[in-house]
Amino acid sequence: MAANFCYATNLTNLTEKLAKTVSPVDSAVLFTLGVTGNVLALVMLLRHTKQHKWGIFYRLVGALASSDLFGILTTSPVAFAVYDNKFVWTGGQPVCDYLSFMLIFASVSTLTIVTAMSLDRFLAVWYPFFYNSSQKKRRVHVMLFGIWVFAAFISSMPLMKLGRNIRHFPCTWCFFDYYGTSTKDVVFSVLYALLGILNILISSSFNCLVIFKFSKGTYSARRGSIRSVRGKKKEKRNEIFVLVFLIAILLVHAVCWLPLMVRDINLRKACLSLSD
């Protein structure tokens, strides 16, 4: 198994082989793109504060960029240190647990925030009166705090012996053991996969409902207010832009995480069929 490859008996030959065949270029490129993209997103939000006035959706965008940036900055240095150390892992299991915790935390929190963004657009388009009358910016802070606490709880499960964290190929990073066959490993990996798939399905459903509402031509963000036709058209264009932006984010997350989650479910099915 690829996961056990990092725990080979002859570590000297293993590290020498990895140093010759595995390059840190891909990781460096991903790190650069991730940091640059998130920093640009935060800078754009700060520069256009007067336009968006830190509405709920834009606060969620800021939280999404901050969570993703936090995950990149707290995990990538560990991987780069392993590359620099010629694939010799230092820090033992505590560093492995730390890295896995941060990766799980970043993935769960960002996916859940994307779902919250989709819910925000759904309420704004389908129930504008309720959305505009009940819009309290304080509530989004409570919701974000709850999302981060929930993500931290899920990330802590392998530390509480529900599953375990191990190094994965090319032995520069740690994650939960999605190859494990013990009951605890299976329970956690299936839980993680189902959470991710559920988030993506819910977000997609909300987005489809918003697209349907736009296609029917019955949407107006401020139906009860007196606004010029030109102002309403501009507002609708802004809403469409936000929707396109949200769908793009959802697609990126789905492409990055969905294959791992589906693969995890398939691995569990294969294990069950073999045990039968």
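**Overall fold.** I began by noting that the model is predicted. I then listed the secondary structure and found ten helices and two strands, which follow one another along the sequence as α-α-α-α-α-α-α-α-β-β-α-α. Of the 276 residues in the protein, 42% are buried. I also looked up how far apart in sequence the contacting residues lie: among contacts between residues at least 6 apart, 80% join residues at least 24 apart. For the surface, I noted that the protein exposes about 15500 Å², of which carbon and sulfur atoms supply 68%.

**Aromatic pairs.** A search of the whole structure gave me 17 aromatic pairs. F57 has 4% relative accessibility and counts as buried, whereas Y58, at 28%, counts as partly exposed.

I checked the accessibility of both residues and found W126 partly exposed at 26% and F212 partly exposed at 42%. While looking at W126 I also noted K213, which lies over the face of the W126 ring at 4.5 Å from the ring centre.

A further entry concerns a cluster in which ring pairs link W173, F175, F176, Y178, Y179, F188 and Y192. For orientation, I compared these names with the strand limits, and β2 is given as residues 173-176.

**Helix α8.** I looked up helix α8, which covers residues 137-156, and recorded that its 20 residues reach 29 Å from the first C-alpha to the last, close to the 28 Å expected at 1.5 Å a residue. Which residues of α8 are buried? My list for this helix holds V140, L144, I147, A151, I154, S155 and S156. I then asked what covers these buried residues, and the cover includes α5 (56-84), α6 and α9.

**Backbone.** I kept in mind that most residues other than glycine have a negative phi, and that most peptide bonds are trans. Where does a cis peptide bond occur? I found one joining F169 and P170, with omega at about 5 degrees, and I placed P170 in the loop between β1 (165-168) and β2 (173-176).

W54 has a phi near 55 degrees and sits in the loop between α4 (49-52) and α5; with a relative accessible area of 26%, W54 is partly exposed. K161 has a positive phi of about 75 degrees and is found in the loop between α8 and β1. Is K161 buried or exposed? At 58% relative accessibility, K161 counts as exposed, since the cut-off for that class is over 50%.

Terms used. Residues numbered from 1 in each chain as written. Predicted model: local features only at pLDDT ≥ 70, side-chain atom pairs only at ≥ 80, totals over all residues. Heavy atoms only, no water. Helix = DSSP H or I, 4+ residues; strand = E, 2+ residues; numbered from the N terminus. Buried < 20%, exposed > 50% of the residue type's maximum accessible area, 1.4 Å probe, protein only. Contact = heavy atoms within 4.5 Å. Areas by Shrake-Rupley, 256 points an atom, 1.4 Å probe, with all protein chains shown as cover. Phe/Tyr/Trp six-rings, centres within 6.5 Å; stacked < 30°, edge-to-face > 60°. Lys NZ or Arg CZ within 6 Å of the ring centre and 35° of its normal. Expected span 1.5 Å × (residues − 1).
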